[in-house]
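Here's a quick briefing to read alongside the sequence and the coordinates. Have the viewer open as you go.

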Amino acid sequence: DNGVAIVAFQRKWDNEPNPRIGMYDMTTKTWTFVYYPLDAPESQNGGWVGLSDITALGNSNFVVLERDNQGGPDAAIKRIYQLDLSLLMGVPFGQTPPTVTKTLVKNLLPDLKALTNGPVYEKVEGLAVTADKGVWLLNDNDAVDDNNGEIGLFKIDVPLIRTFTITGDPHVVGAHGDAFSFRGVDGAVYALLSAARLAFNARFRAITFAMGGACAKCTRKTVHGSFMKVAYFRARTS
């Protein structure tokens, strides 16, 4: 994601409260971390809960596959959560990581029971999201060690949380794929996001510039556009 490799660590380290999500910057070759808050075990057979996979949705949004180590009638946690890593800053090893906020998007148990027409897989460990937002699951059969050896690859219906992006001067892509550009009045401040605990405003400045002309077949044109020159944030934390 933007030159950063995102790694989900399945279990917590030593006496830490939660497992980590690691972010490796491939330019600076440095690691930063956040904590991921696991659900507590809910199985009648006890066991543990961990992370199995993490998949990028774009714009620093990810889905993770969280599961317990129980199968069949003892399986209780097979869930997909979504998280936005742009909302907090990871820290280097040695510092206490912040904890990411997760949002439940799918309890997989009903789907797994229907798809397998039998016992629920213990190790639902593969998660992929295709370009058309299709969500696919894959289980690990552990080479038939305490397992029937079956491998399942399933496409499931998951209501992924949609996101929006603002880039350039600016070009906006809405949560439902709608796209538009915005110029505004020179020097004016516009509210781009207003929520219960977060507000984001930006000051726009008009600018005229030329584009194209870099190759023999490229036309050159004059653009009367605008740039966001100053951003204002207000966040309520308590």
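Arg205 and Asp186 pair up through their side chains in a salt bridge, with N and O 2.8 Å apart. That pair links distant parts of the chain, 19 residues apart: Arg205 sits in strand E15 (residues 198–212), while Asp186 is in the loop between strand E13 (179–181) and strand E14 (189–194). Keep in mind that this is a predicted model.

- Arg205 has a relative accessible area of 41%, and since buried means under 20% and exposed over 50%, Arg205 counts as partly exposed.
- Asp186 comes out at 43% relative accessibility, so it lands in the partly exposed class too.

**The other salt bridges**
- How many salt bridges are there by the rule used here? The count comes to nine.
- One of them joins the side chains of Asp39 and Arg79, at 2.7 Å from N to O.
- Are Asp39 and Arg79 buried or exposed? Asp39 is buried because its relative accessible area is 16%, and Arg79 is buried because its value is 12%, with the cut-off for buried being under 20%.
- Lys102 makes a salt bridge with Glu66, and their closest N and O atoms are 3.0 Å apart.
- Lys102 belongs to strand E7 (residues 102–107) and Glu66 to strand E5 (residues 61–68), so this pair ties together parts that are 36 residues apart in sequence.
- Both Lys102 and Glu66 are buried.
- Asp39, Glu42, Glu66, Arg79 and Lys102 are linked in a network of salt bridges.

**Lys78, a buried lysine**
- Lys78 is in strand E6, which covers residues 78–84.
- What is the relative accessible area of Lys78? It's 0%, so Lys78 is buried.
- What does the side chain of Lys78 reach? It comes to 2.8 Å from the backbone oxygen of Gln70.
- A polar contact, also listed at 2.8 Å, joins the side chains of Lys78 and Asp68.
- Lys78 and Pro110 are 32 residues apart in sequence, and their C-alpha atoms are 9.7 Å apart in space.

**A nonpolar patch on the surface**
- Leu138, Ile151 and Leu153 form a nonpolar patch on the surface, and together they have about 290 Å² of accessible area.
- Leu138 is in strand E9 (residues 135–139).
- With 38% relative accessibility, Leu138 counts as partly exposed, because that class lies between the 20% and 50% cut-offs.

**The protein as a whole**
- The protein has one helix and 16 strands.
- It has 238 residues, and 34% of them count as buried.
- Take contacts between residues at least 6 apart in sequence: 44% of these join residues at least 24 apart.
- The accessible surface comes to about 14,100 Å², and carbon and sulfur atoms account for 53% of that.

Technical notes
Residues are numbered from 1 along each chain as its sequence is written. This is a predicted model: local features need pLDDT of at least 70, side-chain atom pairs count only at pLDDT 80 or more; totals for chains, interfaces and linings use all residues. Side-chain values use heavy atoms; hydrogens and water are left out. Helices (H or I, at least four residues) and strands (E, at least two) are DSSP runs, numbered from the N terminus. Buried means under 20% relative accessible area, exposed over 50%, partly exposed in between (1.4 Å probe, protein chains only). A polar contact is a pair of N or O atoms within 3.5 Å; within protein, one must be able to donate a hydrogen and the other to accept it, and residues adjacent in sequence count only if both atoms are side-chain atoms. Patches are made of residues with over 30% relative accessible area and no salt bridge: like charges are joined within 9 Å, nonpolar side chains (Val, Leu, Ile, Met, Phe, Trp, Tyr) within 5 Å. Accessible areas come from the Shrake-Rupley method with a 1.4 Å probe; for residues, only the protein chains shown count as cover. A salt bridge is a side-chain nitrogen of Lys or Arg within 4 Å of a carboxyl oxygen of Asp or Glu. Contact means heavy atoms within 4.5 Å.
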